[in-house]
Amino acid sequence: MVMKLPYLGSCLFLVFFSLVSIVASGSGKGLPILSFDEGYNQLFGDDNLVIHRDGKAVHLSLNERTGSGFVSQDLYLHGYFSASIKLPADYTAGVVVAFYMSNGDMFEKNHDEIDFEFLGNIRGKNWRIQTNIYGNGSTSAGREERYNLWFDPADDFHQYSILWTASNIIFYVDNIPIREFKRTAEMGGDFPSKPMSLYATIWDGSDWATNGGKYRVNYKYAPYVAEFSDLVLHGCAVDPIEFSSKRCDRTQSFQLTTSITPSQRSKMDSFRRKHMTYSYCYDQTRYKVAPLECVINPREAERLKKFDPVTFGGGRRHHGKRHHHMQASRSEADSI
């Protein structure tokens, strides 16, 4: 049974109507950065979670004993959520770092989820990013996409952000939108629509994270440490019992913009053409017909077909010259 939430009139009006250009750029500039004690609680990991810089930074580590994680103190219905993250370096196969929203602890059979997942790799190969979206427990119809990056995310901090509104979800990397997911009538209840908490975790995903489990976590390189800073929680907090508005500050001037500017869209299209390595919309081994919410981009389809001709429908796999992933310098971001 799908639980119907009361209409959060004043909260949704504020979050949807009032945010002008702060989030329109995806930068979150001007939004308050919360200390750990102001916005979060430890989820698990005991001493594997360490707070730095008077609560402005958090280190999560994975060792033979356990991973670690933290969770927002409040539930949110829509908002802008962001963190600057520096990932572990060297051999990181099997390691998963996640920055995501979920209500799985409250809705075990029909939970919602919006994911950034960072998947470790063997020495000499960079981390990959996976985004995913679940709504109303639709885990069997996962909507994954995977990407390479134009930088090494273990060299320095980079900003990863989620914008969630009633009509769409946008993922950003360093203020560049990399994925826009729009709500459609065909999705029914599969679009995330129930209040969620924000999570950050590091854990052992050896069974699947790197080449389908071929390469596993090697604990001789532990501890693996993921560093988080510039934590932004900017949305409508709701009461966890009544799901009514808990905190919607009418004095703040902000608005959750649901559109992407032409300049942003150009950068997003360029990023996806250069760096996307998987999208469920084009996976012909999984879906003979693309899910109804998918908008097929011919350029993306052609690039993925060349990248993996079996998965994306171009024919038999060739074993000659392999595709070389772009590993450009950070300055290449200007060309995205």
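Predicted model: local features only at pLDDT ≥ 70, side-chain atom pairs only at ≥ 80, totals over all residues.

Mentor: Of its 336 residues, 53% are buried. The chain has 4 helices and 16 strands. Among contacts with a separation of 6 or more, 70% join residues 24 or more positions apart. The accessible surface comes to about 15600 Å², and carbon and sulfur atoms hold 50% of that.

Take Glu-113. Glu-113 is found in strand 7, which runs over residues 113-119. Is Glu-113 buried or exposed? Its relative accessible area is 14%, so Glu-113 counts as buried, because the cut-off for buried is under 20%. Look at what surrounds it. Leaving aside neighbours within four places in sequence, Glu-113 is in contact with Tyr-100, Met-101 and Ser-102, with Asn-132, Ile-133 and Tyr-134, and with Pro-192 and Met-196. There is a polar contact too. The side chain of Glu-113 pairs with the side chain of His-111 at 3.1 Å.

Next comes Glu-117. Glu-117 is found in strand 7 as well. Its relative accessibility is 12%, so Glu-117 is also buried. Set aside the neighbours within four places in sequence again. Glu-117 is then in contact with Val-97 and Ala-98, with Arg-128, Ile-129 and Gln-130, and with Trp-208.

Strand 7 holds Glu-113 and Glu-117. Glu-113 is buried, and Glu-117 is buried.

Terms used
Residues numbered from 1 in each chain as written. Heavy atoms only, no water. Helix = DSSP H or I, 4+ residues; strand = E, 2+ residues; numbered from the N terminus. Buried < 20%, exposed > 50% of the residue type's maximum accessible area, 1.4 Å probe, protein only. Contact = heavy atoms within 4.5 Å. Areas by Shrake-Rupley, 256 points an atom, 1.4 Å probe, with all protein chains shown as cover. Polar contact = N/O pair within 3.5 Å; in protein donor to acceptor, adjacent residues only side chain to side chain.
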